[in-house]
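User: Could you take me through this model in a few questions, giving the cut-off behind each term as it comes up?

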Amino acid sequence: MATNKPAEEPILSVKDLKIDFRTFAGPVHAIRDVSFDLKKGETLAIVGESGSGKSVTVRSIMGLLANNAHIASGQIMFHDADILKKTKRQLNAMRGNDIAMIFQDPMTSLDPTMPIGKQVAEPLRLHTNISEKKALAEAVRVLKLVGIQDAQERLKDYPHQFSGGQRQRIVIAIAIINHPQILLADEPTTALDVTIQAQIIHLLKEIQEKIDTSIIFITHDLGVVAGIADRVAVMYAGKIIEYGTVDEIFYNAQHPYTWGLLEAMPTLETNSDRLYAIPGTPPDLLDPPKGDAFAPRNPFAMQIDLEQQPPFFQVSPTHAAATWLLYPGAPKVELPPEIKRRRQIWETQFAGKEAE
Amino acid sequence: MMADDKTSKKDDREILVKVEHLVQTFNKGKKDEVKAIQDISFNIYKGETLGLVGESGSGKTTTGRSIIRLYQPTGGDVLFEGQNIARLRNGSKAMLDFRRKVQMIFQDPYASLNPRMKVKDIIAEGIDIHHLAKSNADRDNRVNALLDEVGLNKDHATRYPHEFSGGQRQRIGIARALAVEPEFIIADEPISALDVSIQAQVVNLLKDIQDKQNLTYLFIAHDLSMVKYISDRIAVMHYGRLVELASADEVYNHPLHPYTQSLLSAIPIPDPEIERKRTPIPYDASKVEDERRRRMVEVYPDHFVFAATDEVAGYKAAAVKSHLVDHPPLVGTTTD
């Protein structure tokens with residue numbers, strides 16, 4: 001497990017990132033002070049609803065922000081250099097080589113007019129002086145690695161000749177051909193059927209072991225997170241509101257928004273007539289709320305939540321949550337039943353181990 | 001079918017929709033012929049929710065569209081309240097009546113609302129076509145009541161679809177379906193385009209409305225964990241065929257067909273401890289999809305599996321064995 005690994009230097013470090021988008025209605029504060037580290041060889045899952053800023057965060061790491069984006073502050077440190085300060089040329093040298101991205105929609109992220117062999121070999125041709133023949137041979141090897149049958153014969157096939165699951169495998173092949181140190185996966189399985197999703201997740205885990213890469217995995221599906229992540233960061237309204245190891249987030253969550261997400265997910269085991277639904281909708285980031293952005297939807301909100309943003313309170317060396325409920329003088333709240341059930345698992349399975 | 005105690009309760013259930021040997025083939029006789037549905041039969045009882053699950057391409061959406069007669073069935077019958085809908089003439093009074101009683105909620109809340117119409121006109125379009133409102137004031141009142149019913153308010157009536165979020169748009173789509181006082185609603189993946197926290201809101205809303213108005217639902221989805229919550233019974237489709245049909249709890253706790261087991265084992269569970277112990281079961285289609293004749297057989301009370309005659313005994317034994325355990329482990333869990 002990730003928690004047992006020795007503390008390593010982070011390979012990527014995002015610090016105090018703030019990003020606004022200029023729109024006709026005014027600046028949209030999409031990322032409001034986000035900081036996190038990615039350690040070598042780990043999988044960090046970023047969880048949140050649409051509009052929470054998870055995609056913008058990874059796009060900023062790739063230097064792929066839209067033209068109307070304005071980085072108000074922050075640093076993204078990768079090997080002692082700030083990605084945000086890189087020139088276009090430096091970014092081009094990095095993208096697809098040191099850091100690669102897997103996009104959500106396999107239908108639109110491949111070029112429909114180019115044979116897949118050429119597309120898979122392209123990053124290699126761009127970043128090294130390899131001959132086309134050798135690059136294509138390498139493409140075959142990688143396509144086999146991601147599970148495309150008879151890759152050699154299919155090099156000249158076009159994307160439309162493949163199924164959705166196969167196309168996503170090809171997208172992954174393009175991303176890993178240069179053995180990137182970091183893979184950014186933006187909802188790579190959301191468009192796929194569950195059985196194909198299970199295969200792709202299995203594939204990503206396998207590849208991670210083979211080429212020793214770190215993965216940032218964006219998703220809104222907590223089930224997927226439980227299966228793939230070492231650590232989890234939960235985002236809401238442009239901020240990270242809780243982070244911790246996968247066990248800490250699933251069994252010892254502290255932020256009411258994380259509780260809400262866990263409750264809203266139907267587990268196949270629990271039998272209940274009604275699903276818990278988080279009331280209301282996320283706030284408008286044109287004019288973000290003064291206090292905790294989740295307060296209006298939060299049944300446990302206190303007066304201070306409306307007035308002042310909560311700082312991070314450390315729960316363990318690896319786990320922190322930004323909620324006033326962790327303030328030493330805060331009243332104790334009655335946990336929702338599902339969260340209580342999870343806490344019990346935490347206490348019996350994990351709490352003891354930590355003390356050792 | 002056996003007429004013992006366990007099956008006698010079936011007789012109290014009133015059949016609303018009867019699908020018999022439905023076949024739907026596209027481009028029949030041409031090179032690109034697609035056998036989307038290959039001979040399926042099932043009933044939908046009044047007041048229940050039947051969940052229809054399967055992967056993309058399994059024919060679940062085609063089934064829904066054939067039932068509402070967006071497609072003319074290639075073979076077989078669809079009976080709604082005993083009436084064969086394939087025989088309804090376009091433009092006839094009976095057809096208009098059928099169109100009022102059966103409504104649809106679509107998957108994509110962005111594509112299914114006309115961007116150039118105001119919300120109140122979208123919702124009232126059916127009311128106008130079926131002449132349900134006596135006056136303009138009555139029309140407005142109905143629209144306002146519907147908006148209230150789905151958790152929106154009457155200020156929203158004069159706005160346009162682009163001013164709403166995905167979840168709100170889906171509520172508008174639900175209000176539109178309810179406007180003509182239908183009896184049966186086909187919901188084709190109504191929540192798959194929505195965020196998790198909003199999905200639960202819409203599912204709860206659909207449940208509340210069903211309780212209040214005694215509606216019958218056909219709920220089509222590929223998200224199996226949500227289907228369990230809303231469905232009384234679940235039908236599993238694969239390659240244009242039904243492979244398993246039983247109550248929701250039966251399907252989840254005692255899946256018998258290998259395809260159902262594979263599908264269930266692939267659902268990720270939001271619980272890291274469980275996920276560490278699970279491996280998805282791959283589905284070997286060659287074993288159960290050879291050319292032999294198969295039909296839906298009741299292998300346990302109210303539990304049907306697509307099986308050949310010599311496979312029935314095996315499924316029956318598996319069903320009995322599975323029911324001996326109070327809490328069978330989740331499919332795909334490795335015990336060690």
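User: Which residue of chain A meets the side chain of B:Arg276 in a salt bridge?

Analyst: This is a predicted model, in which local features need pLDDT of at least 70, side-chain atom pairs count only at pLDDT 80 or more, and totals for chains, interfaces and linings use all residues. Residues are numbered from 1 along each chain as its sequence is written, chains are lettered from A and ligands numbered from 1 in the order in which they are written, and side-chain values use heavy atoms, with hydrogens and water left out. A salt bridge requires a side-chain nitrogen of Lys or Arg within 4 Å of a carboxyl oxygen of Asp or Glu, and the rule finds one across the interface of chain B and chain A. At 3.0 Å from N to O, the partner of B:Arg276 is A:Asp247.

User: How much area do chain B and chain A bury between them?

Analyst: The contact (heavy atoms within 4.5 Å) takes 43 residues from chain A and 35 residues from chain B. Buried area is the accessible area, for a 1.4 Å probe, that two parts lose on being put together, summed over both. Of this area 57% lies on carbon and sulfur atoms, and the total is about 3,400 Å².

User: Which helix supplies the largest share of the side of chain B that touches chain A?

Analyst: Helices are DSSP runs of H or I with at least four residues, strands are runs of E with at least two, and both are numbered from the N terminus. Several helices of chain B each supply at least two residues of that side, including H8 (224-230), H9 (248-253) and H7 (196-213). The largest share, nine residues, comes from H7(B).

User: What is the strand order of the open sheet of eight strands in chain A?

Analyst: Two strands pair if DSSP finds at least two bridges between them, and the pairing in this sheet is mixed. Strand S10 (residues 239-245) and strand S12 (residues 319-321) of chain A, for instance, run antiparallel and are joined by two bridges, with A:Glu242 opposite A:Ala321. The order in chain A is S6-S7-S8-S3-S9-S10-S12-S11.

User: Which strands of chain A are the edge strands of that sheet?

Analyst: An edge strand here pairs on one side only. The two strands in chain A are S6 (99-102) and S11 (313-316).
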